Amino acid sequence: MTTQNFSGVYDLDTAHSSVAFTVRHAMVTKVRGEFTDFTATLTANQDNPAESNVEATVETASVDTRNADRDTHIKNEDFFDVEKFPQMTFKSTSFDVDANGNGTVTGDLTIKETTKPVTLDVETFGIEEDPFGNTRLGFEARTTINRMEFGIDFEAPLNSGGALVGEKITIEIDGSGIKRA
């Protein structure tokens with residue numbers, strides 16, 4: 001990607017973005033899911049990335065693993081407890097990106113009232129004007145967290161000594177931000 005000026009305020013276009021996760025199941029396979037209700041705003045300062053920030057909110061009840069029974073279980077007290085904790089949030093604390101917007105973004109992730117720092121690896125794909133006159137910024141961000149550190153401590157041991165649900169959760173964000181006028 002060539003260097004382009006991506007400074008500005010962008011709102012995540014939820015119709016063209018995703019917040020997905022992957023977790024090991026029964027230690028032999030992976031379960032994938034996503035959240036379908038989320039918002040995020042990025043204020044990008046290409047000249048001084050330290051002045052950039054991002055804030056995001058995910059509605060925990062919007063979890064979708066393409067299995068209704070599993071989704072019901074994930075929404076209850078064993079996992080997200082969506083009645084008590086309807087949202088999880090991310091607020092950036094630092095940007096370490098190059099002129100193309102590639103690098104890392106560190107911030108505070110809050111799940112079930114537990115806040116921990118996480119670092120996302122970010123790759124920016126560029127800026128493009130769409131046919132409707134919107135300026136779009138495309139990116140991917142990825143991190144891995146330990147669910148136990150956020151109070152998601154459901155345990156179902158297997159005979160082998162492993163667990164039904166892995167502790168490591170990979171979070172992947174595919175984003176298309178629309179620049180505010």
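A residue counts as buried when its relative accessible area is under 20%, and as exposed when that area is over 50%, with partly exposed residues in between. The structure described here is a predicted model, and D130, with a relative accessible area of 12%, is buried in it.

**Salt bridges**

The model contains 4 salt bridges. One of them joins D13 to R136, with the closest N and O atoms 2.8 Å apart. D13 is located in the loop between β1 (8-12) and β2, whereas R136 belongs to strand β10 (residues 135-146), so this pair ties together parts that are 123 residues apart in sequence. R136 also forms a salt bridge with D130, where the closest N and O atoms are 2.9 Å apart. Another salt bridge brings together the side chains of E172 and R142, at 2.3 Å from N to O. This pair links distant parts of the chain, since E172 is in strand β11 and R142 in strand β10, 30 residues apart. Through shared partners, salt bridges join D13, D130 and R136 into one network.

The relative accessible areas of these residues are as follows.

| Residue | Relative accessible area | Class |
|---|---|---|
| D13 | 12% | buried |
| R136 | 18% | buried |
| D130 | 12% | buried |
| E172 | 28% | partly exposed |
| R142 | 43% | partly exposed |

Because the cut-off for buried is under 20%, R136 falls into that class at 18%. E172, at 28%, is partly exposed.

**Strand β2 and its partners**

Strand β2 (residues 18-25) has 6 of its 8 residues buried, and is therefore largely enclosed by the rest of the structure. β2 pairs with strand β11 (residues 165-179) in the antiparallel sense over 7 bridges. In this pairing, H25 stands opposite V165 of β11. β2 also pairs with strand β3 (residues 29-35), again antiparallel and over 7 bridges. Here V19 has F35 in β3 as its bridge partner.

**Acidic residues at the surface**

E77, D78, E83, E149, D153, E155 and E167 form a negative surface patch. Of these, E83 is situated in the loop between α1 (68-75) and β7 (87-97). E83 has a relative accessible area of 75% and is exposed.

E113 and D64 are separated by 49 residues in sequence and by 22 Å in space, from C-alpha to C-alpha.

Terms used:
Residues are numbered from 1 along each chain as its sequence is written. This is a predicted model: local features need pLDDT of at least 70, side-chain atom pairs count only at pLDDT 80 or more; totals for chains, interfaces and linings use all residues. Side-chain values use heavy atoms; hydrogens and water are left out. Patches are made of residues with over 30% relative accessible area and no salt bridge: like charges are joined within 9 Å, nonpolar side chains (Val, Leu, Ile, Met, Phe, Trp, Tyr) within 5 Å. Accessible areas come from the Shrake-Rupley method with a 1.4 Å probe; for residues, only the protein chains shown count as cover. Lys and Arg count as positive and Asp and Glu as negative; His and the chain ends are not counted. The place of a charge is taken as NZ of Lys, CZ of Arg, CG of Asp or CD of Glu. Helices (H or I, at least four residues) and strands (E, at least two) are DSSP runs, numbered from the N terminus. Buried means under 20% relative accessible area, exposed over 50%, partly exposed in between (1.4 Å probe, protein chains only). Two strands pair if DSSP finds at least two bridges between them.
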